[in-house]
Amino acid sequence: MSTLERMIDLVEDRWPDDQVPEDALGQVLLASHLLGADRAVANFGGGNTSAKGSTTDHAGREVDAIWVKGSGSDLATMGRDDFTPLRLADVLPLFERDEMSDDDMVGHLARCQLDPAAPRSSIETLLHAFVPAAHVHHTHPDAINVLAGTRDGERLVAECFRNEAAWIPYIRPGFTLAKQVGAAVREDPGLRLVVLAKHGLVVWGDSAEEAYGRTIEVINRAAEFVNARTASQPRFGGGLPQANLHDKARRELLLSILPVLRGAVSSERSKILTVDSSPRVEEFVRSRDAAELVTVGAACPDHLVNTKRVPLWVPFDPGSDDAETLAARIPELAQAFRDEYAAYVEDHRDEDTRPADPDARVVLIQHVGLIGVGTSPKEARLSCELYHRAIEVMAGAHALGGFTSLTEGESFAVEYWPLELYKLSLRPPPGELQGKVALVTGAAGGIGGAVVEELAGKGACIVAFDLDGEGAADAVESLGDAGAAAAGDVTQEAAVREAFGRAVLEFGGVDIVVSNAGVASSAPIEETSLEEWERNHSILGTGYFLVARDAFAVLRAQGRGGAIVVVGSKNALAASKNAVAYSTAKAAELHLARCLAEEGGPHGIRVNAVNPDAVLQGSRIWDTSWREERADAYGIDPDELEDYYRGRTVLGVNVLPEDVARAVLHFASEERSGKSTGNILNVDGGVSAAFPR
Ligand SMILES: [Zn+2]
């Protein structure tokens with residue numbers, strides 16, 4: 001069988017030949033990392049591992065213990081501290097019980113923890129404890145879930161694994177599932193694996209290496225079986241006849257529809273979008289059967305809180321539809337999705353249910369790609385990542401005779417399960433600007449850098465735009481996937497468009513635009529060259545116009561308001577000698593902001609200005625001849641400027657970049673200034689001549 005004809009890929013045994021830790025906990029940690037290293041074996045945040053052995057408790061007694069991966073960590077990156085050690089002698093007697101509620105189980109396990117500071121033990125702790133083996137691995141591998149998620153799964157598992165496998169019909173994790181798995185393994189010494197219907201795999205061994213090796217072995221046996229049974233079949237019924245979009249056409253289409261989509265899936269809070277058009281995704285979204293398959297349900301209960309039961313499917317025919325048709329279709333479909341979600345919650349809720357955010361977490365645009373939705377890039381990518389698993393499971397299960405999933409009731413019971421919601425509660429609380437995207441011009445400078453830091457610190461994703469591309473990249477370097485840099489000149493239409501394009505393709509759009517790129521020159525009027533005049537007006541006038549124009553285009557397409565903050569200057573209000581080019585351009589900026597406040601109001605777009613004065617620290621402007629020119633204008637030495645500026649303020653203080661950044665945050669934040677537009681906030685230590693009136 002050639003690689004291309006494979007329905008599902010085989011996985012690799014990554015166990016190393018040397019450098020294996022000596023202790024059991026070290027070995028299970030290694031196995032966990034190896035399982036998580038291939039997401040076709042263990043999806044992000046999913047699956048768990050355990051080891052049994054002896055240890056010394058807090059009183060110095062030798063006790064039998066079980067270490068189980070705790071709630072909230074990921075196999076690929078977990079550390080030793082993410083395992084929860086429990087006293088086995090306190091856990092094992094539970095096997096004799098007939099039933100146990102989730103609350104009782106959680107309460108009991110909390111009392112069995114050898115270390116109260118360890119993470120809360122996993123929902124699946126009892127499953128690990130009841131299987132009588134030193135090492136137990138539970139995962140949700142693609143190839144096993146193909147069988148577990150096929151209508152005729154039980155028969156197929158029996159054909160593939162004969163009497164080596166036990167099949168457990170679907171039941172939500174908890175005491176009963178743990179007892180069923182434990183009983184199956186205890187009753188049949190010949191058993192090598194347990195397949196949990198519509199859920200995943202359990203294997204065990206005397207060592208971490210054995211359990212890991214068996215996990216890989218049974219996954220590959222399942223994959224070979226599926227591939228042999230489906231050898232003649234295309235995935236998802238084959239491709240539709242329409243031609244694929246070229247990369248350039250797809251990019252153009254995404255640039256125009258992503259802001260629309262972002263607005264459409266941000267009904268209760270702002271979302272970040274992540275585009276995925278990898279070959280596997282492309283194959284799926286242009287296939288004959290995708291439209292039907294996406295309605296079936298989740299491929300694993302573990303995906304539900306991050307993907308919802310079903311994705312938002314957007315039909316698109318590249319032959320007959322254009323960007324405009326698609327843009328008109330998206331908000332209607334997003335609303336229909338919310339209505340259906342509300343009905344699903346209504347059908348299954350009880351009086352304590354707090355409905356989750358109703359927007360789609362996974363969007364599939366036919367012939368275009370997959371778009372992950374979340375309140376952070378990490379969340380958005382997680383939705384994509386988990387849907388990749390769903391695509392692989394659907395491919396095999398569909399070809400084997402029919403993909404099946406949890407019923408609506410079963411899905412709801414997992415999605416709203418308090419123990420599943422507990423995992424979400426472990427995430428850090430959302431920042432004030434969580435889900436927002438801010439584009440900052442002049443980001444490589446002192447004020448720009450402080451603004452980036454301030455807004456990112458409140459949870460915003462940042463696009464740093466600067467003539468100095470390296471400086472822009474430095475400004476967002478520490479932000480990881482929450483930052484992007486664009487190099488370019490604010491006076492060039494194409495460069496500004498490119499920067500906004502970056503924000504759209506990277507995060508789905510923009511909410512906050514801080515126009516801060518600066519320049520300054522100082523000279524008496526007769527010595528001000530036309531070139532200097534035009535340079536000031538080009539950067540501070542035209543540049544701010546171009547940035548505002550593209551900001552409006554994206555904000556209007558999203559339809560959810562937004563904030564534009566113009567970093568002006570005291571000189572925009574107060575007349576000052578020997579700086580006519582700079583001061584008049586700054587005054588134009590201020591009036592631009594006021595005019596745009598009028599224009600943006602009906603669309604919820606707020607436009608405000610922050611007027612700093614004499615921010616010398618970290619400023620690139622003050623490193624230029626401007627410092628000497630200003631000192632000259634005041635008849636003092638350049639070194640005396642700080643004292644001079646402090647002396648002329650009402651408050652007697654110097655102004656720092658972070659002072660300006662906090663004022664920008666004020667206007668950027670809906671919470672702080674949602675009802676303010678057309679305003680000016682001076683951050684100048686108090687300069688009487690610039691008091692607004
Ligand atoms: Zn599981």
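Helix axes are lines fitted to C-alpha atoms, for helices over the stretch in contact, and the angle between two of them runs from 0 to 180 degrees between N-to-C directions. The exercises below concern a predicted model.

**Exercise 1.** Determine how the axes of helix α9 and helix α20 are placed relative to each other.

*Solution.* Step 1: locate the helices; α9 spans residues 247-264 and α20 spans residues 530-558. Step 2: examine their axes, which come within 7 Å and cross at roughly 45 degrees. Step 3: classify the angle; α9 is therefore oblique to α20. Step 4: assign the handedness; the crossing of α9 past α20 is right-handed.

**Exercise 2.** Describe the domains of the protein chain and the contact of domain 1 with domain 2.

*Solution.* Step 1: the domain assignment gives domain 1 (3-229), domain 2 (247-425) and domain 3 (437-690). Step 2: the centres of domain 1 and domain 2, taken over C-alpha atoms, are separated by 28 Å. Step 3: to their contact, domain 1 contributes 27 residues and domain 2 contributes 29 residues. Step 4: on the side of domain 1 that touches domain 2, the elements giving two or more residues are α5 (142-148) and α8 (208-229). The largest share of that side, three residues, comes from α5. Step 5: the residues of this side of domain 1 comprise nine nonpolar, 10 polar and eight charged.

Definitions and conventions: Residues numbered from 1 in each chain as written. Predicted model: local features only at pLDDT ≥ 70, side-chain atom pairs only at ≥ 80, totals over all residues. Helix = DSSP H or I, 4+ residues; strand = E, 2+ residues; numbered from the N terminus. Parallel < 35°, antiparallel > 145°, perpendicular 65-115°, else oblique. Left-handed = near helix turned anticlockwise from the far one by under 90°. Domains from an automatic or database assignment. Contact = placed C-beta atoms within 7 Å. Nonpolar A, V, L, I, M, F, W, Y, C, P; charged D, E, K, R; others polar.
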